[in-house]
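Dear colleague,

I am passing a structure on to you with this email, and my notes on it follow below. Please read them beside the sequence and the model.

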Amino acid sequence: MGEPTYSVAWHGDAPDPSALCAPASKPLPERVDWVVIGGGYAGLAAARRAAASGARVLLLERGGLRDGASSRNGGMVHVGFGAATSALVRDFGHEGAREWIDLSRAAVRRIAELCSAESTGLAAVTGVDPQWSPTGHLELARAPRGAAALEVEAELRSSLGIPVRLHDRTHTSEIACSDRFAGSLAVLEGGGVQPARFHAALATAAVASGVDLRENVRVRGVLRGAGAMIVETTAGRIRTEHVFAGVNGLADEAFPSLRRRLIPVGSYMIATERLDPALLAATAGAGEMRFDTRNFLSYWRPTPDGRIAFGGRTSFWPDSIARIAAALTARLKEIHPQLSATSITHAWGGRLAFTLDRLPRVARIDGVTHVAGCAGSGVALMTHLAEQAIDWDLGGDTPLPARRAWSPIPIPYEGRPWFLPLAGIGFAMQDRWEER
Ligand SMILES: Cc1cc2nc3c(=O)[nH]c(=O)nc-3n(C[C@H](O)[C@H](O)[C@H](O)COP(=O)(O)OP(=O)(O)OC[C@H]3O[C@@H](n4cnc5c(N)ncnc54)[C@H](O)[C@@H]3O)c2cc1C
């Protein structure tokens, strides 16, 4: 069957946005209105929004545009946050929780709008179809205890306006094409995009709006000068009015204050070979996005080119991609024995970021506007919040996540999460306890 190649399956079926960047030989402008840092969804959506106001916008990416999480994620566009709905209700009360859920639902609607076939959709504007499929998603519990927790979640989410449906073991096994789950919760909103296509479409749309895209330019730091911000880069200095950073899980030494507030975490994916349509249907069912309810989460979905893409976290200890790919392959085949003879052709990883309360933030830190911490919900949230953050800088409403305090993590910590392996032991024990 062979070993998977360590490459991103999505990249093979999407245009490479590097082609849109100015050549390295072109000097940076000395002055612009906005410098946007980071070439993922947040940076691209922010840059496009800022350019739509007629501003001169320069986007700087440290490596290649596809280096961040944005072209290598699961492409799941789902309602919700890293924090459970019950935690939202506990911390904010029912009406406060509704505000957060409304934000998430608005983010999902924004992706559907960007991916629509209308003349304003990305496909019409750029010629790159993000392959949106409005399937909703399925949350799957391994054991009766988890299924009971889903019942509580279902009631809460319904009361907050989210359309959901609960399924018992028998029905779950039919729709999930797997008999490994004790129950499931279907969320009938959201769906999936082909993440690298969505990323390439956002990059193309940003350039069409006049954004100057540059790769291989690292921002070293941002200073407040007399009447302007000064952005120090590996290719020179730029004066600007505004600075937006969408650096998230890849924030480096240029952003020490951000790093003290974020916990970067690796997530990994594998993809199967292209499946025979009958086997694909017998595995993917109606094609919903799927994830289980473990701390050591698994998530999976069919891809528009006929594979199953499967992701998850296997450990918080440093590990090789080969071992992680083997562990994910074993998990996929345990859930779907119908794939026992199927080859795994791709394996890759990326980095996302959590905040301590697992809620995203929009914040101005040292004169820079940041959007970060969307955990595994960044496809919709990073895109939508980046647009909101630009509107905020231009005098618009304060985004909800900017109204929540955001303190540094209250332990000795500079951005390297030394405590994750310890937390991982606790998470694994909790997963085992839930399934005993
Ligand atoms: C394997 C995986 C699966 C995921 N699955 C899902 C999913 O199914 N659904 C979902 O909603 N979310 C998912 N996520 C999370 C989602 O991908 C992220 O939340 C989102 O892509 C973050 O976008 P971003 O633009 O903020 O950051 P990124 O896309 O990570 O981009 C940040 C960029 O900033 C650049 N940068 C950093 N420092 C500097 C500097 N000093 N100068 C210049 N550039 C710099 C980096 O090189 C990088 O390109 C997943 C993430 C991973 C890794």
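The largest share of the shell around the ligand, 4 residues, is supplied by H10, where helices (H or I, at least four residues) and strands (E, at least two) are DSSP runs numbered from the N terminus. Please bear in mind that this is a predicted model, in which local features need pLDDT of at least 70 and side-chain atom pairs count only at pLDDT 80 or more, while totals for chains, interfaces and linings use all residues. Residues are numbered from 1 along each chain as its sequence is written.

In total, 43 residues surround the ligand, the closest being Gly 40, Gly 68, Gly 74, Gly 350 and Gly 378; a residue counts as near a molecule if its C-beta atom, placed from the backbone, lies within 6 Å of it. Helix H1 (41-52), strand E12 (263-272), strand E16 (344-354) and helix H10 (378-393) each contribute at least two residues to this shell.

Turning to the strands, 8 of them form an open sheet of mixed pairing, in the order E5-E6-E4-E13-E14-E15-E12-E16, where two strands pair if DSSP finds at least two bridges between them. Strand E5 (164-167) and E16 stand at the edges with a single partner strand each, so one side of each has no neighbour in the sheet. Within it, E12 runs antiparallel to strand E15 (residues 308-312) and is joined to it by 4 bridges, and Ile 270 has Phe 310 in E15 as its bridge partner.

Elsewhere, E9 and E10 form a hairpin with 4 residues between them, and Gly 227 in the turn has a positive phi of about 75°.

With best wishes
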